[in-house]
Amino acid sequence: MDRVARLASERAVVVFTASNCSMCDVVTSLLGSLGVNAAVHELDRDPRGREMERELARRLAGGGTPSVPAVFVGGDLVGGTNRVMALHLAGELVPMLRNAGALWL
């Protein structure tokens with residue numbers, strides 16, 4: 001199992017970020033405001049961060065799509081900022097988080 005998959009399955013919600021990424025802050029703040037205690041991995045502070053960033057870019061279909069933030073819920077890749085915000089605005093994020101066991105209420 002690759003490192004991204006292993007880390008992504010360690011908790012109900014896992015977010016791969018970079019310490020200088022403002023959109024990463026937006027996503028982690030949103031999740032925190034919903035009561036989610038996500039595992040956050042800052043790729044620029046991890047010795048194998050570049051390798052994981054390439055894997056995330058591949059999973060997110062590359063093509064100019066930023067590799068961070070990358071949000072996993074229940075071990076499955078949800079996507080980046082646009083996808084998470086779209087799910088939230090559509091009222092679909094909270095049920096997804098509940099189903100993954102990230103929210104209790």
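Ser67 counts as buried because its relative accessibility is 8%, where buried means under 20% relative accessible area, exposed over 50% and partly exposed in between, using a 1.4 Å probe and protein chains only. This is a predicted model, in which local features need pLDDT of at least 70 and side-chain atom pairs count only at pLDDT 80 or more, while totals for chains, interfaces and linings use all residues. Residues are numbered from 1 along each chain as its sequence is written, and side-chain values use heavy atoms, leaving out hydrogens and water.

Ser67 lies in the loop between α3 (49-59) and β3 (70-73). These names follow DSSP runs numbered from the N terminus: helices are H or I with at least four residues, strands are E with at least two. Leaving aside residues up to four places away in sequence, Ser67 touches Glu53, Leu56, Ala57 and Leu60; contact means heavy atoms within 4.5 Å. Pro69 is in the loop between α3 and β3, and the peptide bond from Val68 to Pro69 is cis, with omega near -5°.

Now for a pair of helices. Two packed helices are described by the angle between their axes and the distance between the axes. Axes are lines fitted to C-alpha atoms, for helices over the stretch in contact, and angles run from 0 to 180 degrees between N-to-C directions.

| Feature of α2 and α4 | Value |
|---|---|
| Angle between α2 (residues 22-33) and α4 (residues 81-89) | about 30° |
| Distance between the axes of α2 and α4 | 10 Å |

Therefore α2 is roughly parallel to α4. Met23, Val26, Val27 and Leu30 in α2 meet Thr81, Val84, Met85 and His88 in α4.

Key: Parallel < 35°, antiparallel > 145°, perpendicular 65-115°, else oblique.
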